[in-house]
Amino acid sequence: YIYFLSSKENKETFMTNPIRYICQPKPKQSVPVKIAIVGPPKSGKTTVAQKLVSVYGFLHLSLGDAIRFVINNQPESELALKVKSHLLQGLTVPDELAIQALDVALLNHMDNATGVVIDGYPLTRQHVNLLESTKIIPLKIFELDMDAKEVFRRALLDKESTNRPPYPEHDSSQILAIKNSCYKQDIDDIRTYYIKEHQNWCVIDAEHSKWKVWNKVQLVVKQIQIYLERIREGKAANIADLCITPKELQDRLGECGQYCPVSLAEKGELVDCSVSSSLEFAAEFQGHYYKMASQEELEKFLSRPEVYVSSLASHPLPPPHMLPKKLTVAEVKALFPVKAEMQGYCPVTYLDGKQRYEALVPGNIEYAAKYQDKVYIFESEEKLQKFMRLPEKYWNLKLPHKLPPKQEPMLLTTLPLAGYLEQAIATSLIKALHEVGSLKPKYPFLSVKETALLFVSFHLKAHNPRSSEPVRQMYRKKLLQFMEHCQLIPYLGTAMMGPYKDPRDRPLGLDDRLQVFLSLK
């Protein structure tokens, strides 16, 4: 056999003890993947990229590397000539040409067995659109998150380093501030797009140590490798955070659709997983995607997928017309004159209540479902979910002959006086009477009973919720003035005690208040 080594040193090592190296198990065939790393300046993008290169054999590729590749390896091509024309004029290479260069570089490195790590790209929404147009979609994008203070702190440390290159670098505080500002301006939009469309975005706190950042990256890369390895071996594999678009998910759904195959096979329950767009509990098996209800169901599926999706499954998914469907209030009204089954009583509450008379509870139109062309209304969201899981259990119930009397609405004005007062103004009246009892007002020249009646009437007017705000404000002022007049009796009684005093010896304002008191007669 002929063996190829990567360096002269490795060749000499192999020659000294070849048996040791040819007896080891053959490496598993890998599938090349694209990984991108973005982040503010000095966040460690290149450090992480170089670590991926040294540990996993990835090809390190930045936008500058791609442009240099085109210029050096294809100098006579139309793309290289356009790029050089911009550079010779001292201009920046346009994004469109830069993306073409990246595409060419990726095509020329397709023989790389492990994959490519793209360093520092994309940085704007236009970059994202150009990448999408050329079908360059990274399997995973790592965002190294870091605040501006840490950017400048690391820049100062780099300036003090003895390992700086001999040529000047673009790392002054002004340039770093502009770079960081431009990065922060677009990154939120880019992150939102990739999370929504591809679910391939991973945020890592870059302020941690290099070891911790690398450990997080390594875990994700291992997850990708485990997925590829399991799929190659014909096993089921988790597809969380693996750049699967909603359209791709819909096109490759298995025979269970978005219903959990494990819940269906083991319990006969129709657990609809479409309520969440997350693929945390989703898996791929034999080229199809399946969504599970929880981590427990996912682990069961990954261990024995054939039990849940093949002819061995004990409960196959019913045809579409036999599946329950939630209805909105508008959809229920649009079905008129179709009436709700069980005269509008909640079937779940009735059956779970052992079909007793007390379990006949009217449903709420906000919680409705359609099953086998029949409409059912439920007491709550929880009861609706129970029905959606096990419609066969609840759909064909019969009502007893004796039903609760219908709760007809009664007009407030038809109640007797005591009932009307209780239902209409009881709260307001209690508050007014409570204040009367606490303040115990006495109006000059009126009885206690008359004073209390006037106080209650003013209080009710001042706090009538059906009156306009100006009217309530007017009666609040009248109530305040009424209480000021009620305070005249205790004030004058205290101030006028003892022998007669000359006007100059009397308390300030006594004569004015006395005149007000006498005028109220």
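Colleague: Which strands does helix 13 lie across, and at what angle does it run to strand 7?

Modeller: Helix 13 (residues 295-303) lies across strand 6, strand 7 and strand 8. To strand 7 it runs at about 10°. Axes are lines fitted to C-alpha atoms, for helices over the stretch in contact, and angles between N-to-C directions run from 0 to 180 degrees. Contact means heavy atoms within 4.5 Å. Helices (H or I, at least four residues) and strands (E, at least two) are DSSP runs, numbered from the N terminus.

This is a predicted model: local features need pLDDT of at least 70, side-chain atom pairs count only at pLDDT 80 or more, and totals for chains, interfaces and linings use all residues. Residues are numbered from 1 along each chain as its sequence is written, and side-chain values use heavy atoms, with hydrogens and water left out.

Colleague: What makes strand 6 and strand 8 edge strands?

Modeller: The open sheet has 3 strands in the order 6-7-8, with antiparallel pairing. Strand 6 (237-238) and strand 8 (288-291) each pair on one side only. That makes them the edges.

Colleague: How do you know that strand 6 and strand 7 pair?

Modeller: Two strands pair if DSSP finds at least two bridges between them. Strand 6 and strand 7 (residues 282-285) have 2 bridges, in the antiparallel sense. A237 stands opposite E284 in strand 7.

Colleague: Why is Q286 called exposed?

Modeller: Relative accessible area decides (buried under 20%, exposed over 50%, partly exposed in between; 1.4 Å probe, protein chains only). Q286 has 64%, so it counts as exposed.

Colleague: Why is R472 called buried?

Modeller: Its relative accessible area is 15%, so R472 is buried. R472 sits in helix 22 (residues 469-486). Not counting residues up to four places away in sequence, R472 touches K461, A462, H463, N464, P465 and S467.

Colleague: How do you know that the buried residues of helix 23 line one face?

Modeller: They are L488, L492 and A495. Down the axis of helix 23 they fall within an arc of 70°, so they line one face. The arc is that of the directions from the helix axis to the C-beta atoms. These buried residues pack against helix 22 and helix 24.

Colleague: How many disulfides are there?

Modeller: The count is 0. A disulfide needs a pair of cysteine sulfur atoms within 2.5 Å. For C273 the nearest cysteine sulfur, that of C260, is 5.2 Å away, and C273 is in no disulfide. C273 is buried at 8% relative accessibility.
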